[in-house]
Amino acid sequence: MEFLQNFKSQLRVVSPGRINIIGEHTDYNMGYVLPTAIEKNITFDFQENGSESICNIYSKTFDTGFSFDLTKVAKSEVEWHNYILGVVNEILLRERNLKGFDCVLESNLPTGSGLSSSAALECGLAFGLNELFQLNLTKLEMVQLSQTAEHTYAGTQCGIMDQYASVMSEEGHVILLDCLSLDSSYIPIDLNPYKIILLNTKVSHNLATSEYNVRKMECEQGVAIIQQSYPEVKSLRDVTQEMLQYCKGELSETVFKRCSFIVDENERVIQMTEYLKKNDLTAVGELLYEAHDGISRLYEVSCPESDFLVDFSKEYSGVLGARQTGGGFGGCTLNIVHEDQLEEFTEAAKEAYKKKFDILLEIFEVKPSGGTRIVEAS
Ligand code: GAF
């Protein structure tokens, strides 16, 4: 792209992906989640380009880019453009004054791997534009407008977890976030001598967006029926297993399973927080396996590849627990692995996965890290 010839970075922003320790699909049910950012990022370099409305975006990682006009922002046919355009649109809707800018992106965050590269993209852009044009947006406003951009431009009716984790995380901590009140507390996490290991299935089944929205609808259907018996219920967060049992006859089997998973999963977030505080790592691991079982059997957002890896990990005494992390239908499994068994486990997993699916596993350790921030341009 032509603008690259005169590009000089004025501002560098780093925006991370995230893992979620536990609390999957609870965010849009107004429950609890326990995510943290990881040290896999998208780096953004920005410059104002002197034009009133022409903006240029280039991704070094994928060697592709596009330009758009601030006066004619509209949805694109190209998926990743929508994360950018959606954020710009939300900023303009808030009557903030943008001008032409150039932005160069580089990423070491695998896409489609359940680590929320989309939130990293949205939030890094919002953060950078806020700084470049002094927009006076708070961090929470950036989180919320990025989430809305995902609804309106990308078409996923996501909750707030990914954007919140990307922006608000702190090194060495997980965030216990109440997705209703948006109250949060930071829980120190130290699993020593265990490590958090991600196994990337490298599959991202294309059901993800459509089925995600279907799950959300099924939960809403459940709430509407439960409300007939319990008018005080506003979301699945207010529902207990006893209430659910009482309404079972009114709910379809599918809706019952979805609701049952969310009710348990919400409870698991609170339990997990206690186990982490007590450093009861065996209980942490067991809860991860329990959660995956629900993800697979009740919420049905797993896939053969993730199920295989989670089952495989159970054969290793050095693995305390594992589950698929993120929205589902592929992506990464999160594993708590003893450092002494790391090599043996990962080598065996690689071999078994290759034999079963003919796919080379990608394996990396992650550490809870800080959220979106400005860094020195090199
Ligand atoms: C995706 C969504 F974007 C999040 O809001 C969350 O619902 C997650 O799936 C599942 O926990 O990452």
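Which elements do the buried residues of α8 pack against? They pack against α7 (253-278), α9 (304-313), β10 (319-324) and β11 (330-338). This is a predicted model, so the confidence scores deserve a glance before the details. The chain averages a pLDDT of 96, and 99% of the residues score at least 70. For the complex, the predictor gives an ipTM of 0.99 and a pTM of 0.97.

Start with helix α8 itself. Helix α8 covers residues 281-297, which makes 17 residues. At 1.5 Å a residue, these should span 24 Å. The end C-alpha atoms are 25 Å apart, which agrees. The buried residues of α8 include Val284, Leu287, Leu288, Ala291 and Ile295. Gly285, His292, Gly294 and Ser296 are buried too. An α-helix has 3.6 residues a turn, so residues three or four places apart point the same way.

Now place the helix in the annotation. UniProt, in an unreviewed entry, lists residues 272-354 as "domain: GHMP kinase C-terminal". In the model, that span is 57% helix and 18% strand. Its end C-alpha atoms lie 32 Å apart. At the other end of the numbering, UniProt places "domain: Galactokinase N-terminal" at residues 2-43, again from an unreviewed entry. Here the make-up is 0% helix and 50% strand. The end C-alpha atoms of residues 2-43 lie 20 Å apart.

Turn to the backbone. The peptide bond from Asn192 to Pro193 is cis, with omega near 10 degrees. Pro193 sits in the loop between β8 (184-188) and β9 (194-204).

Two residues other than glycine have a positive phi. For Asp63, phi is near 45 degrees. Asp63 belongs to the loop between β4 (54-59) and β5 (64-69). Is Asp63 buried or exposed? Asp63 is exposed, because 7 other C-beta atoms lie within 10 Å, and the cut-off for exposed is 12 or fewer. For Leu182, phi is near 65 degrees. Leu182 lies in the loop between β7 (173-178) and β8. Leu182 has 13 C-beta neighbours inside 10 Å, so Leu182 counts as partly exposed.

Two further sites deserve a look. Lys248 is found in the loop between α6 (241-247) and α7. With 12 other C-beta atoms within 10 Å, Lys248 is exposed. Lys248 and Ile226 are 22 residues apart in sequence. In space, their C-alpha atoms are 9.1 Å apart.

Glu376 is in the segment after β13 (373-375). Glu376 counts as exposed, because 5 C-beta neighbours lie inside 10 Å. Glu376 and Thr111 are 265 residues apart along the chain. Their C-alpha atoms are separated by 25 Å.

How values were computed:
Residues numbered from 1 in each chain as written. Predicted model: local features only at pLDDT ≥ 70, side-chain atom pairs only at ≥ 80, totals over all residues. Helix = DSSP H or I, 4+ residues; strand = E, 2+ residues; numbered from the N terminus. Buried ≥ 20, exposed ≤ 12 C-beta atoms within 10 Å, placed from the backbone. pLDDT = per-residue confidence, 0-100. UniProt positions renumbered as here; feature names shortened; annotations may be inferred. Expected span 1.5 Å × (residues − 1). Contact = placed C-beta atoms within 7 Å.
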